[in-house]
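Please open the model in your viewer and keep the selection tool handy. We will walk through it together, one stop at a time.

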Amino acid sequence: MSMSADIFLGDSQFDWSKCLCITNRHLCPGTLEDQLERHVLPLRPRAVILREKDLTPAEYSDLLRRVAALCRAADVPLIPHTFVDAALQQGFTAIHLPMPALLQLSPSDRQRFTVVGASVHSVDEARAAVAAGATYVTASHIFPTDCKKGLPPRGLPFLRSVCTAVPLPVFALGGVDPANAAACLASGASGVCMMSEFMTLS
């Protein structure tokens, strides 16, 4: 199978099921809910990670409830990000955390999640995530991205080193788009993460 065939169907149809959609409501032309319902969920990404870290816990909880209803209707998994209490209160068994938050997660809370993602930026962090009970990691940033202006990307060699170092699914993050996603898979990634590509779809 050619490298491009891993993520493209036929000659040009992109396989969105290999992608995690990471949300950023500030990039949406309208509301996040409208963007998800009309443009993102019909593509059936592998999961949606609700990453809206600037909200208060109450605001995030309300948004999580609304987005969860949309994802359930579309049969697309939803993974809360950062807000552990909101996730547990609403019965989620999946969470995505920055490394500091993962390391602070109590053993009792960790046992309540069957899926735990961690954001890593080095091989050492990836190994620490494994030791802390992560079930998958996102490795970033791979390519240049506006989210990390001025910071050089770590590149595909970094991605390969993370994929080799840990026995978990690794998802490439940062500057990933349909044109370079296949290179991430060829480097050992189980999938890719996209934010702008999903949030600006029309």
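The tour below goes through a predicted model, stop by stop.

**Stop one: a pair of helices.** Start by selecting helix H1 (residues 32-40) together with helix H2 (residues 57-74); their axes come within 10 Å and cross at roughly 10°. Angles under 35 degrees count as roughly parallel, and H1 and H2 are therefore roughly parallel to each other. Now show the side chains where the two helices meet: Leu 32, Glu 33, Leu 36 and Glu 37 come from H1, while Leu 63, Arg 66, Val 67 and Leu 70 come from H2. Colour this contact by class and you will find five nonpolar and three charged residues, with no polar ones.

**Stop two: the core.** Next, select Leu 78, Leu 159, Val 162, Met 194 and Met 199. In the largest nonpolar core, which has 70 residues, these five touch the most other members. H2 gives the most to this core, with seven residues. Stay on Met 199 for a moment: leaving aside residues up to four places away in sequence, its contacts include Cys 21, Ile 22, Leu 27 and Pro 29, and also Leu 32 and Leu 36.

**Stop three: helix H7.** Move on to residues 155-165, which form H7, and pick out the buried ones: Gly 155, Phe 158, Leu 159, Val 162 and Cys 163. Why do they sit on the same side of H7? They cover an arc of only 135° around the axis, which puts them there together. Their packing partners are helix H6 (123-131), strand S8 (136-139), strand S9 (170-172) and helix H8 (181-186). Finally, turn to the face of H7 that points away from its buried side, where Pro 157 and Thr 164 are exposed.

Notes
Residues numbered from 1 in each chain as written. Predicted model: local features only at pLDDT ≥ 70, side-chain atom pairs only at ≥ 80, totals over all residues. Heavy atoms only, no water. Axes fitted to C-alpha atoms, helices over the stretch in contact; angles between N-to-C directions. Helix = DSSP H or I, 4+ residues; strand = E, 2+ residues; numbered from the N terminus. Parallel < 35°, antiparallel > 145°, perpendicular 65-115°, else oblique. Contact = heavy atoms within 4.5 Å. Nonpolar A, V, L, I, M, F, W, Y, C, P; charged D, E, K, R; others polar. Core = buried A, V, L, I, M, F, W, Y, C linked by side-chain atoms within 4.5 Å. Buried < 20%, exposed > 50% of the residue type's maximum accessible area, 1.4 Å probe, protein only. Arc of directions from axis to C-beta.
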